[in-house]
Structure formats: C-alpha cells, structure tokens
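Subject: The model, with notes

Hello,

Here is the structure I promised to pass on. Please have a look at it first, and then read my notes below.

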Amino acid sequence: AARRATRAGTPVKVVLAGAPDTGNPTAMTEAELRAWAAEGLVDWWGFQTDVRKVWAAAHVAALPSSGEGLPKALLEAASCRRALLATDVAGNREVVLPGETGLRVAYQDVAGLTDALVRFAREPEWRRRMAQQARTLVETAFSEGVVVRETLDLYRKLAPGAAA
C-alpha cells in the first residue's frame with residue numbers, strides 16, 4: 001500500500017513497530033521487514049517499550065490484520081488521539097467506526113488500504129476529527145472505569161444475590 005500510494009503521487013511514511021512473531025508461520029519475517037526498510041517502503045523500529053512515543057510520531061494507526069480480539073494497539077492509538085485504519089474483521093469493528101473514528105477496509109484489500117492511506121494523507125482536518133472522536137470513544141466506552149463497571153454489572157446479572 002505504501003508503494004502504491006507513493007507511485008500514485010501521495011508519498012506516505014509507514015512505520016512498523018514491533019518484533020516479528022516467530023511463532024506464527026504467516027507473520028512477516030525479520031528478513032522481509034529489513035528488505036522493506038532497505039527499499040525505503042517502511043521504517044521498521046522493532047520492539048518498543050513505550051508506545052506513546054510511537055503514536056506521538058504517527059498520524060494514523062493502521063492494523064490490517066486477519067482477525068483480532070479487542071485490539072489493544074488500536075485502543076492505545078485512539079487514547080493518544082490517532083485516527084484508525086483497520087481491516088473489517090471482528091474486534092476491529094468495535095473500535096474503528098467508519099467515518100467516525102477511522103476507516104475499515106476488507107482483509108487483504110491492498111487497493112482499499114492504499115485509498116484509505118491516501119485519504120488520510122490528503123485530508124488532515126478530516127483525519128484530526130477522526131482522531132478526536134477515537135479518543136472520545138476510548139474515554140466513554142473503553143476506559144478502566146467503564147470496563148470495571150460493565151464487568152461488575154454482568155457478574156451481578158449472572159449471579160444475582162452473590163456478594164459484590
């Protein structure tokens with residue numbers, strides 16, 4: 001997608017943060033990541049201990065994954081006021097609300113991913129609006145207080161009369 005966007009006249013800088021998942025046979029290998037970095041397609045930062053620094057350097061959080069639970073990476077990015085871009089798969093749908101907090105694309109849809117990257121790059125005010133709405137969503141639906149309250153409410157419904 002980075003290659004396509006750049007060829008189409010909208011250069012984008014893609015940063016990959018994290019170590020390769022050597023236990024996953026479908027994951028990108030270190031050699032592939034190094035090759036992309038050498039080609040100038042991505043900056044590969046490797047494992048990071050402070051994601052706030054990653055999100056501070058980014059405009060958009062992209063997670064083009066095949067499936068998720070509730071993606072912590074998107075929640076962290078949203079809490080740092082970053083617009084979201086993810087595949088339209090379970091888990092991502094809870095956080096990426098199209099046109100509100102970001103955009104979703106079909107899994108393995110490189111053209112759709114490219115179009116989304118280009119739109120985010122070309123429309124900074126729209127992107128900033130998405131980022132603010134992503135932060136608001138995290139505060140109102142996924143904050144620690146909300147999660148604890150909803151979990152306790154569920155326990156009370158499942159076991160009425162049990163001590164809280």
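A word on areas before anything else: accessible areas come from the Shrake-Rupley method with a 1.4 Å probe, and for residues only the protein chains shown count as cover. On that basis the accessible surface of the protein is about 10,100 Å², and carbon and sulfur atoms hold 54% of that area.

Please keep in mind that this is a predicted model, in which local features need pLDDT of at least 70 and side-chain atom pairs count only at pLDDT 80 or more, while totals for chains, interfaces and linings use all residues. Residues are numbered from 1 along each chain as its sequence is written, and side-chain values use heavy atoms, with hydrogens and water left out.

**Overall layout**

The protein has 8 helices and 5 strands. Both kinds of element are DSSP runs numbered from the N terminus, with at least four residues (H or I) for a helix and at least two (E) for a strand. Reading from the N terminus, the order is α-β-α-β-α-β-α-β-α-β-α-α-α. The C-alpha trace spans about 65 × 40 × 30 Å along its principal axes.

Of the 164 residues, 30% count as buried. Here buried means under 20% relative accessible area, exposed means over 50%, and partly exposed is in between (1.4 Å probe, protein chains only). A contact means heavy atoms within 4.5 Å. Among contacts between residues at least 6 apart in sequence, 49% join residues at least 24 apart.

**Charges and salt bridges**

There are 21 positive and 19 negative side chains, and the centres of the two sets lie 5 Å apart. Lys and Arg count as positive and Asp and Glu as negative, with His and the chain ends not counted. Each charge is placed at NZ of Lys, CZ of Arg, CG of Asp or CD of Glu.

Side chains of opposite charge can pair when their charged atoms come close. The search of the whole structure finds 10 salt bridges, where a salt bridge is a side-chain nitrogen of Lys or Arg within 4 Å of a carboxyl oxygen of Asp or Glu.

Asp43 is partly exposed at 32% relative accessible area, whereas Lys13 is exposed at 65%.

Glu139 and Arg135 form another salt bridge, 2.8 Å from N to O. About one helical turn separates Glu139 and Arg135, because they are 4 residues apart in helix H7 (residues 124-141). Glu139 is partly exposed at 40%, and Arg135 is partly exposed at 23%.

Arg52 and Asp50 also meet in a salt bridge, at 2.9 Å from N to O; Arg52 is exposed, with a relative accessible area of 57%. Finally, Asp88, Arg93 and Arg104 are linked in a network of salt bridges.

**Inside the fold**

Gly102 lies in strand S5 (residues 102-105) and is buried, with a relative accessible area of 0%. Not counting residues up to four places away in sequence, Gly102 touches Leu84, Val96, Leu97, Phe120 and Met130. From Gly102 to Asp115 there are 13 residues in sequence and 13 Å in space, C-alpha to C-alpha.

Thr114 belongs to helix H6 (residues 110-122) and is buried at 7% relative accessible area. Leaving aside its neighbours within four places in sequence, Thr114 is in contact with Ala1, Arg4 and Ala5.

Ala111 is in helix H6 as well, and is partly exposed at 36%. Ala111 and Arg4 are 107 residues apart in sequence, yet their C-alpha atoms are 8.2 Å apart in space.

**A nonpolar patch**

Val148, Leu152, Leu154, Tyr155 and Leu158 make a nonpolar surface patch of about 500 Å². Patches are made of residues with over 30% relative accessible area and no salt bridge; like charges are joined within 9 Å, and nonpolar side chains (Val, Leu, Ile, Met, Phe, Trp, Tyr) within 5 Å. Val148 lies in helix H8 (residues 144-158) and counts as partly exposed, at 43% relative accessibility.

Best wishes
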